[in-house]
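Here is a note on how the ligands are held in this entry. Please read it with the structure open.

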Amino acid sequence: MTQTKLGVCNLCEAICGLKLTIEDGAVTNIRGNEDDPLSRGHICPKGVALADIYTDPDRLRRPIRRTGTGADAVWTEISWDEALDAVADGLAKAVNENDKNALGIYVGNPNAHSLGSMTHGFELIKTFKTRNKFSASSVDQIPHMYVGMLQFGHQLLLPVADIDRTNYFLVFGANPMASNGSLMTVPDFPNRVRELKARGGKMVVFDPRRTETAKVASEHHFIRPASDAVVLMAMVNTLLDEGLANPPAYVDNTDALGAAIADFTPEYAETVSGVPAAEIRRITREFAAADGSAAYGRIGLSTQGFGSICQWAINLLNILSGNLDRVGGVLFPEPAIDAAKNGLLGAGHFDIWRSRVRDMPEFGGELPVSCFREEIDTPGKGQIKAVLTLAGNPVLSTPDGRRLAESFAGLDFMASVDIYLNETTRHADVILPPPSQLQRSHYDLLLLQFAVRNVANYSPAPLPLDDGQPDEWEILAKLALLFQGADIDADPATADERAIGSLVHHAVADPHSRVHGRDADEILATLSADGRRGPERMLDLMLRIGPFGDAFGVAPGGATLQMLIDHPHGVDFGALEPRLPELLRTPSGRIELAHPALAADVPRLLEAMAGMAAQPLVLIGRRHLRSNNSWMHNIGVLVKGAPRCTLQVHPDDAVEFGLVDGGYATVTSRVGSVDAAVEVTEAIRPGVVSLPHGWGHSMEGTRLRVASERPGVNSNVLTDHEALDPLSGTSVLNGIPVTLVAR
Ligand SMILES: Nc1nc2c(c(=O)[nH]1)N[C@H]1C(S)=C(S)[C@@H](COP(=O)(O)OP(=O)(O)OC[C@H]3O[C@@H](n4cnc5c(=O)[nH]c(N)nc54)[C@H](O)[C@@H]3O)O[C@H]1N2
Ligand SMILES: Nc1nc2c(c(=O)[nH]1)N[C@H]1C(S)=C(S)[C@@H](COP(=O)(O)OP(=O)(O)OC[C@H]3O[C@@H](n4cnc5c(=O)[nH]c(N)nc54)[C@H](O)[C@@H]3O)O[C@H]1N2
Ligand code: SF4
Ligand SMILES: [Mo]
């Protein structure tokens with residue numbers, strides 16, 4: 001029997017709509033859904049490969065338990081009941097024998113793309129009560145969230161470029177042609193840029209590498225790594241000096257800002273960045289003059305030593321040029337489910353506690369992942385004795401990951417919720433595999449928050465669960481109950497009740513909520529009447545209290561889960577619209593341009609820039625369209641062709657270090673070295689080398705047959721766990737001083 005089913009791809013932030021052909025239970029074709037209001041038919045090779053992830057023989061289908069270690073490790077399949085019990089017992093034992101902080105948790109990137117993790121993961125993590133909570137956020141986007149919290153009053157208040165109407169798109173340190181956009185849900189980016197240019201607009205890219213995005217830009221500037229903060233501040237200064245600033249009425253302390261950043265003139269910026277002062281002035285004038293401009297900076301900005309200052313400067317450019325909250329500028333989306341308003345995620349907090357060993361402040365309840373290893377290795381009260389990883393591969397993804405692997409090996413107990421036996425999970429005692437991406441329903445609770453249009457899209461799971469296999473939310477819900485001592489027959493419905501109960505109670509208590517003051521029990525009873533459970537029941541609640549929802553009868557006909565089911569291609573609520581100042585959640589209800597916490601970091605920037613010239617060679621990262629962080633290299637169709645884990649080197653540097661294309665170089669940083677295959681290319685700035693992250697699949701004890709044939713090297717052997725943006729605790733993954741030796 002041949003069926004066509006609609007779905008969405010939940011691999012990256014673009015959430016492309018899919019059309020799947022399923023013949024006798026096998027997926028025979030996946031293509032883009034041209035009727036999806038956001039993705040408009042776009043799909044990339046990873047989306048097509050969803051079927052290959054499903055059929056990958058190395059993907060785990062049943063829980064496995066390890067006996068022995070290293071080369072002697074033996075993995076045995078065990079039942080779900082036994083596995084869940086073993087994990088709950090192992091984790092509880094560490095806590096009972098020590099204290100609550102003896103449990104370390106690592107939350108990886110795919111949680112953001114899993115509906116079940118978003119609805120039921122937070123409740124599980126809360127259950128653990130440990131302060132030793134780490135995630136991929138501190139090697140990623142915390143600077144955005146931290147600055148959003150300070151300037152707009154909530155960690156999820158991140159303005160999004162109005163790409164479909166902007167006329168000047170200024171991009172620093174992002175490569176959406178490869179990444180498909182980040183903190184900017186922008187599927188079909190290639191066509192959107194084409195349209196931007198066709199209407200006379202410009203895209204200007206600052207990147208040390210001539211990236212896929214730089215190639216389709218109107219202009220590309222080979223900026224020196226980690227000098228962006230200075231260039232951006234010089235642009236802000238130019239706006240102020242030339243009378244081009246046009247800030248809205250709801251901003252404060254423009255004068256204090258001028259004083260704080262006075263040193264960053266375009267001439268000074270030229271000396272540290274290599275971008276001519278005249279170009280900085282010209283681009284600033286063009287940015288200010290265009291009919292709708294949007295400045296955007298991503299991984300290349302947030303994962304450097306001044307990630308927070310960079311994101312602050314991006315905001316300043318948008319605000320001062322009058323482009324914040326402007327059509328064609330940057331706007332705050334209004335998602336059908338607003339995680340910033342319904343209690344799923346709080347406003348954010350900073351420095352309520354600190355890490356035990358290095359005294360680093362928490363952000364939003366988590367500690368910098370660069371502190372993970374020392375919290376395992378350093379004896380004393382609060383030492384981590386057991387670890388749970390949830391969809392994470394920190395051995396490949398985080399600074400000095402190789403040594404983190406050694407620390408994992410010494411734990412009393414470790415468990416992983418993961419679909420692969422890989423570099424991280426090989427240290428687990430038990431692995432609990434959730435179903436594959438195609439076996440789960442999806443609504444993107446997080447990333448529709450950052451979409452370039454207000455859309456909503458729900459898709460039921462295209463493929464059924466395997467026999468006896470729990471969904472990801474059930475695994476998390478059951479673990480929470482078992483950890484608290486419930487017996488093995490624990491019904492996940494109990495945990496489900498708790499998760500939804502806490503959301504309903506939050507909603508009725510929140511004065512911003514549309515059901516403020518209503519009867520929580522009545523709402524819960526309404527939600528139970530239709531027989532939905534798990535994520536679907538939560539979704540229905542959140543849609544109904546969202547901006548387009550029916551608020552339980554108050555405005556009949558609004559968004560409900562049934563409405564989304566009835567519109568399987570997705571619902572388009574329209575283009576982004578201005579929402580300020582009402583949306584601001586700062587104590588004053590206004591935006592502080594020179595927030596003291598940010599302004600206080602300026603002297604550190606000046607000091608660091610003085611030492612820049614002394615760094616002859618620095619390393620940056622790289623992403624590729626056919627790759628997804630560390631975990632899709634076991635899919636043959638995605639890794640075929642020339643090996644991609646290469647060290648890109650400029651021809652001048654190749655001559656200086658005696659390197660040849662196709663040869664090898666030993667790359668050494670303060671903390672480690674790797675031998676990488678050399679690719680000589682003019683697409684990189686002299687003095688800069690680039691290595692992608694997420695490779696290094698040569699560790700014994702993994703079960704990644706395809707990946708181990710093209711292992712590549714782990715670039716995070718070179719990144720330094722001591723190098724952080726101190727404001728946000730985010731690791732420095734770009735601009736790392738290295739030396740090269742030909743091999
Ligand atoms: N040097 C350097 N390092 C970087 C970066 C960089 O640019 N340079 N980028 C950083 C960024 S932005 C990020 S987000 C991190 C990512 O860091 P991580 O989240 O730690 O790593 P991933 O590679 O995303 O690994 C995801 C893990 O989840 C598993 N998995 C996949 N799908 C599922 C699922 O649906 N459910 C479950 N339970 N498991 C699943 C995979 O097998 C894998 O073990 O890496 C960071 N590290
Ligand atoms: N195909 C694919 N898509 C992905 C991912 C993936 O691994 N593969 N990962 C997903 C994840 S988790 C994320 S967070 C996003 C990231 O999304 P993006 O940020 O768009 O992705 P990157 O390719 O890391 O882009 C960072 C750019 O910054 C540049 N850069 C490095 N250092 C500097 C610097 O100092 N200054 C400037 N100006 N630029 C610098 C790099 O050369 C690179 O081009 O992508 C997501 N999408
Ligand atoms: S761009 Fe992202 S969401 Fe779209 S198909 Fe590719 S991986 Fe999936
Ligand atoms: Mo990320």
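Predicted model: local features only at pLDDT ≥ 70, side-chain atom pairs only at ≥ 80, totals over all residues.

1. A backbone N or O atom of N393 is 2.9 Å from an oxygen atom of ligand 1. The side chain of Y106 also takes part, with a polar atom 2.7 Å from an oxygen atom of ligand 1. R623 makes its contact with a nitrogen atom of ligand 1, at 3.1 Å from an N or O atom of the R623 side chain. On its own, ligand 1 has 920 Å² of accessible area, and the protein covers 98% of it.

2. The surroundings of ligand 1 consist of 30 residues, and the closest of them are Y106, N109, S397, D418 and S630. By class, this shell has 13 nonpolar, 12 polar and five charged residues. Which domains supply at least three residues each to the shell around ligand 1? They are domain 2 (64-141 + 350-432) and domain 4 (615-742).

3. Turn next to ligand 2. A polar backbone atom of S627 is 2.6 Å from a nitrogen atom of ligand 2. Another nitrogen contact involves A178, where a backbone N or O atom lies 3.0 Å from a nitrogen atom of the ligand. I299 places a backbone N or O atom 3.1 Å from an oxygen atom of ligand 2. Ligand 2 exposes 910 Å² when taken alone, of which the protein buries 97%.

4. Around ligand 2 there are 30 residues, with D207, D228, R623, S627 and N629 the closest. The shell is made up of 11 nonpolar, 13 polar and six charged residues. Domain 3 (162-332 + 580-599) and domain 4 (615-742) each give at least three residues to this shell.

5. Helices also contribute to the shell around ligand 2. At least two residues come from each of α6 (176-179) and α13 (299-302). Which element gives the largest share? It is α6, with three residues.

6. Where does ligand 3 sit? Its place is the second largest cavity. Among the residues around ligand 3 are C9, C12, C16 and C44, together with L11, A14, I15 and I43. K46, G47 and N180 are also found around ligand 3. The shell divides into eight nonpolar, two polar and one charged residues.

7. One residue deserves a second look when the sites are compared.

Technical notes: Residues numbered from 1 in each chain as written. Chains lettered and ligands numbered in written order. Heavy atoms only, no water. Near = heavy atom within 4 Å. Polar contact = N/O pair within 3.5 Å; in protein donor to acceptor, adjacent residues only side chain to side chain. Areas by Shrake-Rupley, 256 points an atom, 1.4 Å probe, with all protein chains shown as cover. Helix = DSSP H or I, 4+ residues; strand = E, 2+ residues; numbered from the N terminus. Nonpolar A, V, L, I, M, F, W, Y, C, P; charged D, E, K, R; others polar. Domains from an automatic or database assignment. 1 Å grid on protein atoms, 1.4 Å probe; cavity = no way out; pocket = protein on both sides within 12 Å on 5 of 7 lines; lining within 4 Å. Sits in = over half its atoms within 2 Å of the grid points.
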